[in-house]
Amino acid sequence: MWTWFYKLASPPYVYAAAAALAPWFLGLAAITVGYGLVDGLVYAPPDYQQGDAFRIIYVHAPSAWLSLFAYTSMALAGAIALVWRIKMGHAVAAASAPIGASFTVLALVTGSLWGRPMWGTYWAWDPRLTSELILLFLYVGVMSLRSAFEDPSRGDRAAALLGIVGLVNVPIIHYSVTWWNSLHQGATVAKLGKPPMPGSMLWPLLSMLLGFMLFYGAVLCMRLRGEVLNRERQAKWVREAIKS
Amino acid sequence: MNMAADGLSVEKVHVWRGDRHVLRGVSLSLGPRQLLHVSGPNGTGKTTLLRVVCGLLRPEQGQVSWRGHSISSARSEYQATLAYASHEPALKGDLTALENLRFAVGLKRRVTADELRSALQRTGVAACADLPARVLSAGQRRRVAMARVLAMSASLWLLDEPFTNLDAAGSDVMSSLLQSHVAGGGSALVVAHHELTVECDMRRMELA
Amino acid sequence: MRVGAFEAFGLVVRRELCLSFRRPDQLLQPLVFFLIVTTLFPLGLSLQLSLLRDMAPGVLWVAALLSSLLSLDSLFKSDADDGTLEQLALCGQGLTVIVVAKTFAHWLVTGAALVLVSPVVGTALGIPGAAFATMLLSLGLGTLTLSWLGAIGAGLTVGLKRGNVLLSLIVLPLAMPLLIFGAGATDRAISGTSAVGALYFLAALCVFTCTLAPFAATVALRITLE
Amino acid sequence: MGAGGNQIVSTDFWSMGGYARFVWPCFAFAGVVLGWNLWSARRYYAAARLRAERALEAAMAAGEEA
């Protein structure tokens, strides 16, 4: 079993694997997102309360989930790289950060657009959106710390440490924001939670979620090749790869 | 090599700083009663080598071991036995020379003010023991840093350009301190550009 | 006769306090900043104490947060600049003891001073005397937690040129739960309801941060010292 | 293709039950974000490859290359 793990640590293998996997991920992502869009927009029945506005969930929920998933995988990849000194972990963390940040922005925009019909304003400090906003600040902190160092290997390790500290704080932030929201606004305001959904509404959501995950995999593989090249520029295998 | 058994040994250390391959497979060994003079043009990694040896910088490849054990396994025990003098004299401007020594040496071993004053005496700066370090000249600061290395009574000295800013008298004091340290069973790794006039078992290493 | 960890801790704390009191003006700066920021709010909002009292916990805590952040930069910066940080790291005591001692001494000089000044600011913002006990306790826990979060941030950014902007960017998101529970406790104390719940959360945050942050700050410093 | 019948008439589909102003911008912005991710990933890889080639030429020029 360990050869599989050992292979993951060798840059040429990661570089080649990323190149091979990217198109597969992208193709599967296109299919699942396509199906999710058609099924969600056309066939899923409108919500009895929110009418067709609820269809925004097919973009908001997957992107909110992806923003957290990407941050967790960034922090774990960084932790593995920091503890076991595997350079590829830093490459995965560096590749994962911008994707996660873009999904966080998407979740925030779709969340506030969805909130407009419900609350009458684009921003009403909904606990989930507030946590999402703080998550965006964590992303910006990690990405700017990584690029602030001239020596990329130190930037990687600093960003990995901040990623771990951030990951430990995400649940604390989420809980304290929820506590703060319930303190001031009480639970009356309809929060952005996922309403209980019948199958016809749920299937498109699951396929959109799967589609976004596959898309994340695809873009991660594409970015990873760039990150590996940046870190292994002097290595012999890069010269062969470039020449071919 | 039995020499490495009870001294410092560095095997094939590689260090990259960004794209620059600063240390390319450097190896050395340093036993008791030995002095290693490391020299070479600027930017060839002399200071980086010192930082690797004292355990501040972990090399990408290669091994540093002290008395047979790798320093990464027992880092603070190893660092307790060494005294490192960096390129700057590393003194707090607001503290007096004596206070600087008390706080620096006091973390390594219990030491009395008299011992510190005698160390300052031996490096010729006893007069400015109670002056704040910021009013001292560069040469005096270097002598205070020398007194700190002396007062630590460490068995391994790692000195980065110890002779900078020293006048003739200062260089003689430095050379005699090095000689008595090495004669007394200690070992020293000195980075310096010019020739060292220390009568002891001295080897030279050129970093290209 | 190697020096024990506690003795080294005491020596480093004495060193930090000695250094801080050699430059008392630098000690006053964060406190004056704290006073200035809290006077901004009445000028910007209104002078009726009744209105100010509702905003007082938030104003007090935001001002405390920002002035603590201001002083965090000096935690490792001066030692890193003149090379003494390396000497401390190499003294054979292990970097964690040094980081714990330096952060604790830094909190004594900045956070604790802030807590002592806060009654003055509290009365200025119309906080009733009855709420002072909770306010002082919550500020004490809050500033200690912030010093530790700041130690991680300062450890990461001390070697960078424009490090202190990045320091705030890194530390503030992590300090938001602190602000929520701190201001929440003070707010409840003012309105007379029991603030015990929020204080328990704040204390939990403080204990959690004070136990884990030293190791994170040590790793951060080790990365910078390379 | 999907369980619920297609009771939505095509003209009414675009109005999204009156919420078109909110639903379509969301999906449009989602498209923008997905597109940006693909574009920036490709651009990042191309830039990295360029830097690697330049480093290779520099190494060849410096005669390091065996």
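How far apart are the nearest C-alpha atoms of chain B and chain D? They are 10 Å apart, and the two chains do not touch, contact here meaning heavy atoms within 4.5 Å. Chain C and chain D do not touch either, with their nearest C-alpha atoms 24 Å apart.

Okay, some housekeeping. This is a predicted model, where local features need pLDDT of at least 70 and side-chain atom pairs count only at pLDDT 80 or more, while totals for chains, interfaces and linings use all residues. Residues are numbered from 1 along each chain as its sequence is written, chains are lettered from A and ligands numbered from 1 in the order in which they are written, and side-chain values use heavy atoms, with hydrogens and water left out.

So who does chain D touch? Look at chain A: of the four pairs of chains in contact, A and D share the most contacts. Chain D brings 40 residues to this contact and chain A brings 48. Together they bury about 4000 Å², 73% of it on carbon and sulfur atoms; that's the accessible area (1.4 Å probe) that two parts lose on being put together, summed over both. Phe22(D), Phe27(D) and Tyr44(D) supply 15% of the area that chain D buries here, more than any other three residues. H2(D) gives the largest share of chain D's side, 26 residues. By class, that side has 26 nonpolar, eight polar and six charged residues. (Nonpolar is Ala, Val, Leu, Ile, Met, Phe, Trp, Tyr, Cys and Pro; charged is Asp, Glu, Lys and Arg; the others, Gly among them, are polar.)

A word on H2(D) itself. Helices (H or I, at least four residues) and strands (E, at least two) are DSSP runs, numbered from the N terminus. This helix covers residues 20-61 of chain D, and its 42 residues should span 62 Å at 1.5 Å a residue; the end C-alpha atoms are 61 Å apart, which agrees. The expected span is 1.5 Å times one less than the number of residues. Just after H2(D), Gly63(D) takes a positive phi of about 70°.

Now over to chains B and C, where we do get salt bridges. Arg51(B) pairs with Glu86(C), the closest N and O atoms being 2.6 Å apart. Arg51(B) sits in helix H2 of chain B and Glu86(C) in helix H5 of chain C, so the pair joins two chains. Arg51(B) is buried, at 12% relative accessible area, and Glu86(C) is buried too, at 13%. For the cut-offs, buried is under 20% relative accessible area, exposed over 50%, and partly exposed in between (1.4 Å probe, protein chains only).

Next, Arg23(C) and Asp94(B) meet in a salt bridge at 2.9 Å, N to O. Arg23(C) is partly exposed at 36%, whereas Asp94(B) is buried at 16%. Glu7(C) also forms one with Arg110(B), at 3.0 Å between the closest N and O atoms.

Last stop, inside chain C: Ser118(C) is in helix H7, residues 111-124. Is Ser118(C) buried or exposed? Buried, with a relative accessible area of 0%. Leaving aside neighbours within four places in sequence, Ser118(C) contacts Phe34(C), Leu60(C), Met135(C), Leu136(C) and Leu139(C).

Definitions and conventions:
A salt bridge is a side-chain nitrogen of Lys or Arg within 4 Å of a carboxyl oxygen of Asp or Glu.
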